[in-house]
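Hi everyone, thanks for making the time this morning. Please have the sequence and the model open while I talk, and let's walk through them together.

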Amino acid sequence: MIMGLTGDSEGQLLIQLAELVKEISGLPECRNSCKKMHGNLVRRIKLLSPLFEELRDGNEESTMKFEEIKGFELLKFALDSAKELLQSINEGSKLYQALQKDQIAYKFQQMMETIEAALNEIPYDELDISEEVREQIELVHAQFRRAKGRPESPDLQLEHDLAVAQKEKDPDPAILKRLSDKLQLRTINDLSKESVAFHELVIASGGNPGERFDEMASLLKKLKDYIPTENSEAGTSEGEKGSMKHRSPVIPDDFRCPISLELMKDPVIVSTGQTYERSCIQKWLDAGHKTCPKTQQTLLHTALTPNYVLKSLIALWCESNSIELPKKQGTSRSRKPGSSASDCDRTAIITLMEKLANGNSEQQRAAAGELRLLAKRNADNRVCIAEAGAIPLLVELLSSTDPRTQEHAVTALLNLSINDSNKGTIVNAGAIPDIVDVLRIGSMEARENAAATLFSLSVIDENKVAIGAAGAIPALIKLLCEGSPRGKKDAATAIFNLSIYQGNKARAVRAGIVPPLMRLLKDAGGGMVDEALAILAILASHQEGKAAIGQADPIPVLLEVIQTGSPRNRENAAAILWSLCTGNSEQLKLAKESGAEEALKDLSESGTDRAKRKAGSILELFQRLEVKEDPVSLSSL
C-alpha cells in the first residue's frame with residue numbers, strides 16, 4: 001500500500017525518495033571547476049520530483065509490486081550516493097578537484113550510469129501515474145541514458161594554468177588570477193575554507209592523498225601569497241599600491257602548520273621533532289594514525305609538547321606586522337541542507353518533551369502519540385524532535401507495559417528514522433534489541449511498525465549485522481506467517497533487505513524461512529508471490545539456502561512461474577533454478593525430467609536480459625548432462 005507514514009515501508013520509501021530529491025535540489029550551486037558536471041546532475045535529479053510526489057500522494061489503497069519496490073530501492077541507493085558525491089564537491093578541496101578532474105569526471109559518469117540502471121529497473125507502465133508525469137520521467141531517463149556516453153570535455157585553459165603554476169616558482173599574476181577566479185578562491189575567507197578542506201583531505205587519506213599532496217600544498221601557498229596582495233591592491237591608486245603590499249606580509253613557512261597550512265596559534269611538537277597546530281595533529285591522532293604526517297615516520301609516543309619558543313616568535317611577528325593572532329574557532333555545529341529548525345513546531349515539541357520525561361503514564365502515552373504525528377508531518381519536525389533529545393526517551397517507552405504507548409513509541413521512531421542522521425541516533429540509543437522485543441511480543445500494529453522500523457534502519461549496512469544478531473529474523477518470519485497483508489509485506493521487505501548481508505542468509509534459513517516462503521509462492525491468490533520469489537532468489541546464492549530450497553520440492557512451482565509469471569518473477573524463478581541445478585546433478589535431472597527445457601528456451605528468447613542469461617546457462621547444463629549420459633553420441637560427432 002502506498003501510504004503517507006503509517007508504518008508502511010512502501011510509503012516510507014517514496015517519502016524518502018521525495019525528500020532525497022528535495023535535498024539534492026536544494027544543495028548550494030557549485031562554482032568551481034566541477035560546476036557543469038554538478039549542475040547537470042542536480043538538474044536531472046530534480047526532474048524526478050513529480051514522480052515521487054504523485055506516487056506518494058496517490059491512491060492509498062493501491063499496492064506496489066515487489067519489483068517496483070526493488071527498483072525504487074536501487075534508485076534510493078543511487079540517489080544517496082549522488083547526494084554524497086555532490087556534497088563532497090561542494091565541501092571538498094577545490095584545488096584537489098581541479099588536479100583530479102579526470103577522476104572526478106569518471107565518478108560523475110559512473111553516477112549517471114548507476115542512476116540510469118536504477119531507472120531501468122522501474123516498470124513505469126505498471127505505475128499509477130498520469131501521462132504527463134510518465135512522459136517527463138521517460139524524458140529524464142533518456143537524458144541519463146545519453147549522458148552515459150557523453151564524457152565531460154576537458155578545460156584546456158585550466159589544465160594549462162595549473163601546469164604552469166606548479167612548474168614556475170613565481171607564476172605570472174595573470175595565471176594566478178585566472179586560477180583564483182576559476183576555483184572561486186578569491187578572498188582570504190575562501191582560502192581559509194580551502195585550507196580546512198585540505199586539512200580534512202589529509203586526515204581522511206591517512207596522511208597520504210597521493211602524489212598530488214606536494215602539488216596542492218605548493219599551489220595553495222602561491223595562492224595564499226597572491227590573494228592578500230591582490231585584495232589589498234583592489235581599488236587603490238598606483239601610488240598607494242607599493243605601501244599596501246607592505247601591509248600584507250607573507251607568512252613564513254615555519255609559522256604555518258604542515259597540515260592546514262594556516263598560521264599556527266598553538267604549536268606543539270611530536271616525537272619526530274615536527275611542529276603542528278595542536279587541533280590539527282590531535283585530530284590526526286584521534287583518527288587512529290600512528291605516524292608523523294610530514295615525515296611518515298612512526299611516532300614513538302603520542303605526547304604533544306608545547307613549542308613555546310615558536311609560539312613567542314609567531315606572537316612577535318604578528319605584533320610587528322599589525323596582525324591579530326588567529327583565535328580558536330567556535331564549536332557551533334553546522335546544519336545539513338534541509339535540517340533548518342525554523343519551520344518545526346518547536347514550542348509544541350518542548351512541551352511534549354517535558355511530559356515524555358517527567359509525566360505520568362497517561363501523559364507519556366499522549367506525548368508519544370503527538371510526537372508520532374509531528375514526526376510524520378515534515379522533515380523539520382523530525383530534526384527538531386531528535387535535537388530535543390526525544391529519541392532516548394522514546395526508546396525507553398518501547399519497554400512500556402501499555403500496548404498503546406508502545407505502539408506510539410515504535411511508530412514515532414519509524415517516522416524519525418526517515419532522516420538518515422536520526423538512524424544513527426536511534427541505533428546509538430540502544431533501540432535495536434527493544435524494537436526486536438516489540439516485534440516479538442507487541443500488538444499486531446506495533447509488530448508491523450517494528451518490522452518497518454527495522455527495514456528503515458537496515459538501509460545502513462552495519463545495522464544489518466546488528467539487527468540480525470539481535471534475533472530479529474525469527475520474529476520477522478513469524479510476522480510473515482501470521483501478520484495482516486500489510487504486516488506480511490513489511491516483514492518480507494525487512495527480511496529481503498537484511499538478507500543482503502551474507503550472515504543473515506544463514507540465520508534466515510536456520511530459522512526456518514524456506515517452508516513459509518514456499519507456501520506463499522504456491523498461494524497465487526495471497527499476493528505474496530513477488531516477495532517470496534525475491535527472497536528465495538537471494539537465499540539461493542547461499543549454500544545452506546540452496547540446500548533448504550532444494551528439499552522443498554521447488555521445481556514444479558518454479559517452472560510454473562517461468563511459464564506464466566511476470567517478467568521479474570520469471571527472472572527470479574530462473575535464478576533460483578540455476579542455483580539449484582549448478583553443481584547438483586540430481587536437481588538438474590529432475591528439472592529436465594519435469595519439462596524445464598521448453599520453458600527455458602522460451603525464456604531465453606522472451607525474458608529479461610538476466611533471465612535470458614540464466615535460462616541459457618541452465619540449457620548448457622542440460623546439454624552437458626546429455627553428453628555425460630550418452631558418451632557414444634559424443635564419439636560419433
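Let me begin with a term: a nonpolar core is a set of buried Ala, Val, Leu, Ile, Met, Phe, Trp, Tyr and Cys residues joined through side-chain atoms within 4.5 Å. Buried, in turn, means under 20% relative accessible area, exposed means over 50%, and partly exposed is in between, with a 1.4 Å probe and protein chains only.

Now the ground rules. This is a predicted model, where local features need pLDDT of at least 70 and side-chain atom pairs count only at pLDDT 80 or more, while totals for chains, interfaces and linings use all residues. Residues are numbered from 1 along each chain as its sequence is written, and side-chain values use heavy atoms, with hydrogens and water left out.

So, which residues touch the most other members of the largest nonpolar core? They are Leu-521 and Leu-600, in a core of 97 residues. Helix α28, residues 529-539, gives the most to this core, with nine residues. Not counting residues up to four places away in sequence, Leu-521 touches Val-529, Ala-532, Leu-533, Leu-536, Val-557, Leu-558 and Val-561. Touching, or contact, means heavy atoms within 4.5 Å. Apart from this core lies another one, of 44 residues, including Leu-17, Cys-34, Phe-72 and Phe-144. As general background, nonpolar side chains tend to be buried together in soluble globular proteins.

Let's step back to the whole chain. The protein chain has 35 helices and three strands. Of its 637 residues, 49% are buried. Among contacts with a separation of 6 or more, 72% are between residues 24 or more positions apart. The chain exposes about 30000 Å², and carbon and sulfur atoms supply 50% of that; the areas come from the Shrake-Rupley method with a 1.4 Å probe, and for residues only the protein chains shown count as cover.

Next, a helix pair. Two packed helices are described by the angle between their axes and the distance between the axes. Here, α24 (residues 472-482) and α25 (residues 485-498) have axes that come within 8 Å and cross at roughly 145°. Those axes are lines fitted to C-alpha atoms, for helices over the stretch in contact, and angles run from 0 to 180 degrees between N-to-C directions. On the α24 side, the contact is made by Ile-473, Leu-476, Ile-477, Leu-479, Leu-480 and Cys-481, and on the α25 side by Gly-487, Lys-488, Ala-491, Ala-492, Ala-494, Ile-495 and Leu-498. By class, that is eleven nonpolar, one polar and one charged residues, where Ala, Val, Leu, Ile, Met, Phe, Trp, Tyr, Cys and Pro count as nonpolar, Asp, Glu, Lys and Arg as charged, and the others, Gly among them, as polar.

Is Ile-500 buried or partly exposed? Ile-500 counts as partly exposed because its relative accessibility is 45%. Leaving aside neighbours within four places in sequence, Ile-500 is in contact with Lys-464, Lys-505 and Ile-538.

Now have a look at α18, residues 390-397. This helix is mostly covered, with six of its eight residues buried: Ala-390, Ile-391, Leu-393, Leu-394, Val-395 and Leu-397. They pack against α15 (346-358), α16 (361-377), α17 (379-387), α19 (403-416), α20 (420-428) and α21 (431-441).

Over in helix α1 (residues 9-25) sits Ile-24, which counts as buried because its relative accessibility is 0%. Ile-24 and Leu-86 are 62 residues apart in sequence, yet 8.0 Å apart in space, C-alpha to C-alpha. Beyond the neighbours within four places in sequence, Ile-24 is in contact with Val-42, Ile-45, Leu-79, Lys-83 and Leu-86.

Last stop, backbone angles. Most residues other than glycine have a negative phi. Gln-184, in the loop between α9 (173-182) and α10 (188-204), has a positive phi near 60°. Gln-296, in the loop between α13 (278-286) and β3 (305-306), also has a positive phi, near 65°. Gln-184 is buried at 18% relative accessible area, whereas Gln-296 is partly exposed at 38%.

Note on methods: Helix = DSSP H or I, 4+ residues; strand = E, 2+ residues; numbered from the N terminus.
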